[in-house]
Amino acid sequence: MPKIVLLTGAGISAESGLGTFRDEGGLWAQHRIEDVATPEGFARNPALVHGFYNARRAQAAAATPNAAHHALARLQQADGFDVTIVTQNVDGLHEMAGSTAIHMHGELSGALCAACDHRWPAPLEMSVGEPCPACKAPTGRPDIVWFGEMPYHMDTIADHIAECDLFVAIGTSGQVYPAAGFVQEANYAGAHTLEINLRDSDTSHAFRDHLVGPASQVVPRWVDSLLA
Ligand code: APR
């Protein structure tokens with residue numbers, strides 16, 4: 001059975017109304033990474049960081065999956081393919097569409113204790129000093145992988161890529177490692193590689209094939225062609 005690994009980035013959720021990071025007017029044009037997406041920023045100003053993720057959590061909770069998420073769910077549920085979705089996205093749109101996904105950058109729906117690593121479902125609004133249900137310390141934070149922290153599930157992801165026949169990256173700029181290096185791992189593994197994006201990414205040169213256009217249109221067409 002052909003094994004497919006799909007890597008998704010913010011571009012797949014753009015047409016669900018969730019802003020990307022590095023496109024014009026994106027999140028990193030409005031916020032400083034070092035203030036809202038680093039452990040040091042959280043230590044300096046936890047209220048600012050909780051406010052940033054509370055707003056994103058509310059947006060994600062109000063969003064619905066688009067045709068690209070639904071098409072990937074269809075592919076994952078189809079007979080004849082072994083499909084692993086690895087996402088850098090912290091929204092829950094793959095799951096809402098009926099997929100299972102490996103969340104390498106964490107999830108907005110999760111809370112993490114900075115003291116004991118216990119995880120629990122995040123309330124819609126997290127507050128400064130959010131108490132950990134396990135150790136009771138006031139050290140709850142969003143379960144998001146920040147810059148300078150190690151992404152989750154790296155061994156599992158490497159194993160999937162090493163065994164895949166096809167690696168597809170959808171809506172990611174290829175600017176953030178380690179995810180940006182997955183295409184090279186797939187090339188070393190002898191897999192076919194496909195990039196789906198509105199435009200060239202920083203890693204386009206490493207992909208064999210390219211489909212250019214909005215994910216909500218290109219992904220369903222590509223899935224239809226595979227399942228035909
Ligand atoms: N369809 C397809 N691709 C799109 C669409 C769309 N409708 N809209 C935007 N894109 C593409 C852009 O061309 C760009 O290549 O999606 C990509 C978005 O890039 P980024 O904003 O850099 O998002 P991403 O690659 O997911 O970022 C990686 O950076 O800060 C972090 O942790 C954060 O997980 C995130 C990581």
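**Helix 10**

I began with helix 10 of this predicted model, where I found Ala215, Val218, Val219, Trp222 and Val223 buried. Looking down the axis of helix 10, I saw that its buried residues fall within an arc of 125°, so they line one face of the helix. I noted for myself the general rule that an α-helix has 3.6 residues a turn, so residues three or four places apart point the same way. On the face turned away from the buried side of helix 10, I listed the exposed residues Arg221, Asp224 and Ser225.

I then looked up what covers the buried residues of helix 10, and the cover includes helix 1 (11–14) and helix 6 (67–77), together with strand 7 (166–170), strand 8 (192–197) and strand 9 (209–212). For its length, I recorded that helix 10 (residues 215–227) has 13 residues and reaches 18 Å from its first C-alpha to its last, close to the 18 Å expected at 1.5 Å a residue.

**Ligand shell**

I counted 23 residues surrounding the ligand, the closest being Gly9, Gly11, Phe21, Gln88 and Ser173. Sorting the shell around the ligand by class gave me 12 polar, seven nonpolar and four charged residues.

**Gly51**

From Gly51 to Val36 I noted 15 residues in sequence and 9.2 Å in space, C-alpha to C-alpha.

**Annotated span**

In UniProt I found residues 1–228 listed, in an unreviewed entry, as "domain: Deacetylase sirtuin-type". For residues 1–228 I recorded 35% helix and 20% strand, with the end C-alpha atoms 16 Å apart.

Technical notes
Residues numbered from 1 in each chain as written. Predicted model: local features only at pLDDT ≥ 70, side-chain atom pairs only at ≥ 80, totals over all residues. Near = placed C-beta within 6 Å. Nonpolar A, V, L, I, M, F, W, Y, C, P; charged D, E, K, R; others polar. Helix = DSSP H or I, 4+ residues; strand = E, 2+ residues; numbered from the N terminus. Expected span 1.5 Å × (residues − 1). Buried ≥ 20, exposed ≤ 12 C-beta atoms within 10 Å, placed from the backbone. Arc of directions from axis to C-beta. Contact = placed C-beta atoms within 7 Å. UniProt positions renumbered as here; feature names shortened; annotations may be inferred.
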